[in-house]
Amino acid sequence: MTDNILKPGRYINGEWNSVHKEWKEGVLKVALCFPDIYEIGMSHLGMKILYGILNQEEDVVCDRIFAPWSDMEKKIRLGQAEFLSLESGRRLKEFDIIGFSLQYEMNFVDVLNMLDLGGVPIFSNQRSGHDSIVIAGGVGVFNPEVMADFIDVFVVGEAEEAILEIVSVVRSWMLDPGCWRTKALEELSKINGVYVPISSIQHPVSSIKKRIIKNLDTAYFPTNPIVPYIQIVHDRIGIEIMRGCPHRCRFCQASKIFQPLRIRSVEKILEITSRSVENTGYEEISLLSLSTCDYPFMEELVRKLEERFRALGVKISLPSLRVETFNNDRMPGIVKRAGLTFAPEAGSDRLRNRLNKTMENEDIIKKANLALKSGWRKVKLYFMLGLPDETYEDLDAIIELSLQIKSVSLSINPFIPKPHSGFERGAMDDVNLLKDKQRYLLSRLNAKPSGKRIRVDFPVPEMSVIEAVISRGDRKVGGLIYRVWEKGARLQAWGECFDYKIWEECFTECGIDPKDYLKKRLDDEILPWSFVEA
Ligand code: SF4
């Protein structure tokens with residue numbers, strides 16, 4: 001089945017710590033689906049948490065399934081391979097619950113594709129009787145309307161507790177052959193944080209309030225994560241040390257979605273880290289949170305991790321740092337000094353202040369150069385293009401700032417005013433303006449007198465515009481996604497697969513003007529996501 005397939009390790013089974021349970025009558029079957037390829041999905045902590053929670057349940061079988069790469073899909077469509085769950089080798093339509101993790105809007109097309117490959121009707125109103133219940137969670141459901149025609153049940157917020165409540169309702173439904181599907185959906189809609197978008201169901205509340213777990217120390221954490229055969233994007237142990245962020249940058253959707261701030265204790269982190277290292281053999285631990293350096297007991301934590309793991313050769317990596325709280329002197333030898341990443345977002349202090357970001361250029365330059373001197377290999381800076389109130393002087397400031405750092409690369413992404421962020425009603429630059437600004441920045445970089453080479457990554461602006469239309473979309477945009485899927489678009493998050501021409505054709509066919517989704521929204525306008533309380 002995997003002959004002539006790129007990376008067959010994406011589709012084989014039996015990795016270390018994967019769970020295989022007996023597929024038998026009376027057991028609830030859940031498929032955890034990630035609408036992107038194995039290497040991305042296997043790097044996602046949320047998948048690991050839900051896989052662990054569900055497989056702890058005696059009468060639940062929980063399998064994983066990922067989107068196939070195009071070579072594998074071709075084989076499946078030709079009947080030369082099958083699209084099956086990894087653990088039990090079953091088709092999606094054989095599962096009672098199909099759960100999608102929606103993390104990125106550009107993956108939405110692949111939700112439809114996976115349902116189709118799995119033999120499940122794509123539209124929720126085409127599912128009947130005891131057909132699988134299709135649920136979705138993740139940051140992508142904070143505007144659920146876009147996917148409302150395809151998903152039976154949305155879980156808004158943190159799913160650790162809600163998933164077991166859902167399992168319990170679906171289990172009762174499965175055991176009662178006389179119970180109507182609509183009745184089961186109605187019961188599910190009564191669970192806090194759950195949104196069932198079928199018009200025949202009157203939701204008991206007018207808004208959906210996200211679920212949160214109160215205490216990270218008592219929350220489940222997967223200490224025996226699966227160790228893949230192939231290299232994945234985050235090929236290390238990820239330990240979540242904090243959830244939420246103490247800052248409120250105005251453009252940031254994540255800080256709102258994940259608020260309030262919750263902190264895992266040093267003792268708990270040490271305990272779960274020790275068990276994870278023992279159970280996997282990994283030699284690198286990543287300390288995860290939206291802003292790792294804001295962890296209030298960082299010095300104590302890193303010192304204790306060093307005491308415990310130094311002799312084993314285990315290294316610690318810190319993925320997300322803020323200049324204000326980064327202190328190289330507080331980082332002992334166990335901290336991996338590979339790439340140091342800061343996100344100034346804007347080139348000038350003036351514009352950064354407007355974003356509610358407090359870091360200053362002087363501090364960024366000083367700390368980045370000090371870090372480079374003391375062993376960090378390179379510095380990467382993240383900026384956004386098209387921020388509200390941005391001027392060409394702010395773009396010049398990106399170049400001036402970068403030139404003052406000895407070894408630096410830049411990632412400059414179009415600004416997208418995301419739902420639930422402080423700019424959710426703001427406008428986004430269109431493709432032409434974004435391209436003009438990219439050209440301007442490149443010309444300024446090439447004109448610099450120092451002859452210094454600076455690597456710059458610009459994502460394709462067209463892709464960012466599609467991401468914006470989907471993230472700010474309504475049910476009409478769901479129709480667009482369906483048409484784009486029908487016309488053959490797949491894996492649109494991947495530059496080599498992204499096909500803007502198909503999107504353009506479908507905009508016309510569906511009567512959608514992307515500008516309507518990029519424009520400024522009035523203060524009294526009801527937004528598609530207004531009923532979701534983040
Ligand atoms: S951008 Fe980073 S630091 Fe700012 S609020 Fe969001 S997560 Fe926190």
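Beyond its neighbours within four places in sequence, V61 makes contact with K21, W23, V27, K29, V30 and S88, two residues being in contact if their C-beta atoms, placed from the backbone, lie within 7 Å. The structure is a predicted model, in which local features need pLDDT of at least 70 and side-chain atom pairs count only at pLDDT 80 or more, while totals for chains, interfaces and linings use all residues. Residue numbers start from 1 along each chain as its sequence is written.

V61 belongs to strand β2 (residues 60-66); helices (H or I, at least four residues) and strands (E, at least two) are DSSP runs numbered from the N terminus. V61 counts as buried, with 24 C-beta neighbours inside 10 Å. A residue is termed buried if 20 or more other C-beta atoms lie within 10 Å of its own, exposed if 12 or fewer, and partly exposed in between, with C-beta atoms placed from the backbone. The C-alpha atoms of V61 and Y51 are 9.6 Å apart, and the two residues are 10 apart in sequence.

Strand β2 is part of an open sheet of 6 strands, ordered β2-β1-β3-β4-β5-β6 and with mixed pairing. β2 and β6 (194-195) stand at the edges with a single partner strand each, so one side of each has no neighbour in the sheet. Strands are taken to pair if DSSP finds at least two bridges between them. Within this sheet, β3 (residues 97-101) and β4 pair in the parallel sense over 5 bridges, and I97 has I133 of β4 as its bridge partner. Strand β4 (residues 133-137) is joined to β5 (residues 153-155) by 2 bridges, and these strands also run parallel. Here I135 stands opposite V153 of β5. Strand β4 is largely enclosed by the rest of the structure, because 5 of its 5 residues are buried. I133, I135 and G137 point one way from β4, V134 and A136 point the other way, and all are buried.

L385 stands opposite P414 in β15.

Helix α13 (residues 431-446) has 16 residues, which at 1.5 Å a residue should span 22 Å; the end C-alpha atoms are 22 Å apart, in agreement. The expected span is 1.5 Å times one less than the number of residues. L434, K437 and L441 are buried in α13. These residues cover an arc of only 65° around the axis, which puts them on the same side of α13; the arc is that of the directions from the helix axis to the C-beta atoms. The face turned away from the buried side of α13 carries the exposed residues N432, D436, R439, S443 and N446. Packing partners of the buried residues of α13 are β14 (378-385), α12 (392-403), β15 (408-414) and α14 (461-471).

Helix α9 (residues 298-309) has 12 residues and reaches 16 Å from its first C-alpha to its last, close to the expected 16 Å. Its buried residues include L301, V302 and L305. Seen down the axis of α9, the buried residues fall within an arc of 90°, so they line one face of the helix. E300 and E307 are exposed on the other side of α9. The buried residues of α9 pack against α8 (266-280) and β12 (315-317).

Most residues other than glycine have a negative phi, and most peptide bonds are trans. K7, which is not a glycine, has a positive phi of about 50°. K7 lies in the segment before β1 (28-34) and is partly exposed, with 16 other C-beta atoms within 10 Å. E345 has a positive phi near 65°; this residue is in strand β13 (residues 339-345) and is buried, with 20 other C-beta atoms within 10 Å. A cis peptide bond, with omega about 0°, joins Q259 and P260. P260 is in the loop between α7 (254-257) and β10 (262-263).

The ligand is surrounded by 10 residues, of which the closest are C245, C249, C252, S255 and L290; a residue is near a molecule if its C-beta atom, placed from the backbone, lies within 6 Å of it. The shell around the ligand has 5 nonpolar, 3 polar and 2 charged residues. Ala, Val, Leu, Ile, Met, Phe, Trp, Tyr, Cys and Pro count as nonpolar, Asp, Glu, Lys and Arg as charged, and the others, Gly among them, as polar.
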